[in-house]
Amino acid sequence: MDQTARIIGHAEKEGRKVLLEPEAKAICLEYGIPVTKFKVASTSEEAAKDAGQIGYPVVLKIVSPDIIHKSDAGGVVVNLNNGSEVREAYQKILDNVKRYNSKAKIVGVLVQEMAPQSTEVIVGAIKDPQFGQTIMFGLGGIFVEVLKDVNFRIAPLSSEDAKEMITELKAYPLLKGFRNTPPADIDALTHILCSTSKLVMDNPKIKELDLNPIMAYQKGAKTVDARIILE
Ligand code: ADP
Ligand code: MG
């Protein structure tokens, strides 16, 4: 897992505790966790070229060590359908972020595949001082924030553990498919949980990990936003 060690080492050398989204997603990829296709652009022309290669529609996001919550800073624009929309959004993001925090260091703008809307799930990891790396699973939105319908297990996870974390949720019937909601690919979610477990067990310097949201599809799943915080 050379890429992961290199990324963590690079952040430490720069004195950063929070990995950038493209860094966190590159680590996910190395562990087999599916993420939206992405590239980092440093000009609006490059962003448009990247978008053409990734395929429309795309999402643009600010990449800055000083912006943790990107949408709060006006740093996320979704559903861009052609080169001129991409160039315009690129400029708008830089303007928004400058207004939000004039001192923010800009690394570039992330161009990524727009994931079709689906059932949103959340995978998290937190290093508990007593129990060590602990994995969390839940459904996105009100399920986590209002209903606190989440399950925790201490890592490392077996696939049985991972499957239980999913099937023991109160909201599990939604994942099995309910009225207008198609069934989610439980095996793909189980795989993401096991890979996340391996990722944090291999890398004890990771204090927190947050894959939020992950779009759960009938076939496969895709991580839309990834955050990793180091000790
Ligand atoms: P942050 O959490 O830092 O504000 P996100 O990357 O989570 O930024 O983007 C904010 C929201 O925009 C997401 O919760 C999601 O609803 C939407 N979004 C972001 N990236 C994508 C994407 N690639 N495909 C679809 N929706 C996206
Ligand atoms: Mg987010």
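Hi everyone, let's start with one pair of residues: V58 stands opposite L80 in β3. Before going further, please keep in mind that this is a predicted model.

So which strands meet around that pair? Three bridges join β2 to β3, and these two strands run antiparallel. For anyone new to this, strands of a sheet pair through backbone hydrogen bonds, and the pairing can be parallel or antiparallel.

Now let's step back to the whole sheet. It is an open sheet of four strands in the order β1-β4-β2-β3, and the pairing is antiparallel. Which strands sit at the edges? They are β1, residues 38–41, and β3, residues 76–80, each pairing on one side only. On average, neighbouring strands here are turned by 20° against each other, ignoring direction.

Next, the helices. Helix α2, made of residues 21–30, lies across β1, β2 and β4, and it runs at about 150° to β1. Helix α3, residues 44–54, also packs on the sheet, where it touches β1, β2 and β4. The direction of α3 makes about 170° with that of β1.

Let me show you a few backbone details along the way. In the loop between α3 and β2 you will find P57. A cis peptide bond joins Y56 and P57, with omega at about -5°. Another cis peptide bond joins N212 and P213, and there omega is about 5°. P213 has its place in strand β8, residues 206–216. And in strand β3 there is N79, which has a positive phi of about 60° although it is not a glycine.

Finally, the ligand. How many residues surround ligand 1? There are 17, and the closest are K61, K70, S71, Q112 and A115. Two of our sheet strands come back here: β2, residues 58–63, and β4, residues 108–113, each supply at least two residues of the shell. By class, that shell has seven nonpolar, four polar and six charged residues.

What about individual atoms? An N or O atom in the side chain of S71 is 2.3 Å from an oxygen atom of ligand 1. A115 takes part through its backbone, with an N or O atom 2.8 Å from a nitrogen atom of the ligand. In the side chain of D225, an N or O atom is 2.9 Å from an oxygen atom of ligand 1. How much of ligand 1 does the protein cover? On its own, ligand 1 has 540 Å² of accessible area, and the protein covers 80% of that.

Conventions: Residues numbered from 1 in each chain as written. Chains lettered and ligands numbered in written order. Predicted model: local features only at pLDDT ≥ 70, side-chain atom pairs only at ≥ 80, totals over all residues. Heavy atoms only, no water. Near = heavy atom within 4 Å. Polar contact = N/O pair within 3.5 Å; in protein donor to acceptor, adjacent residues only side chain to side chain. Areas by Shrake-Rupley, 256 points an atom, 1.4 Å probe, with all protein chains shown as cover. Nonpolar A, V, L, I, M, F, W, Y, C, P; charged D, E, K, R; others polar. Pairing = 2+ DSSP bridges. Axes fitted to C-alpha atoms, helices over the stretch in contact; angles between N-to-C directions. Contact = heavy atoms within 4.5 Å.
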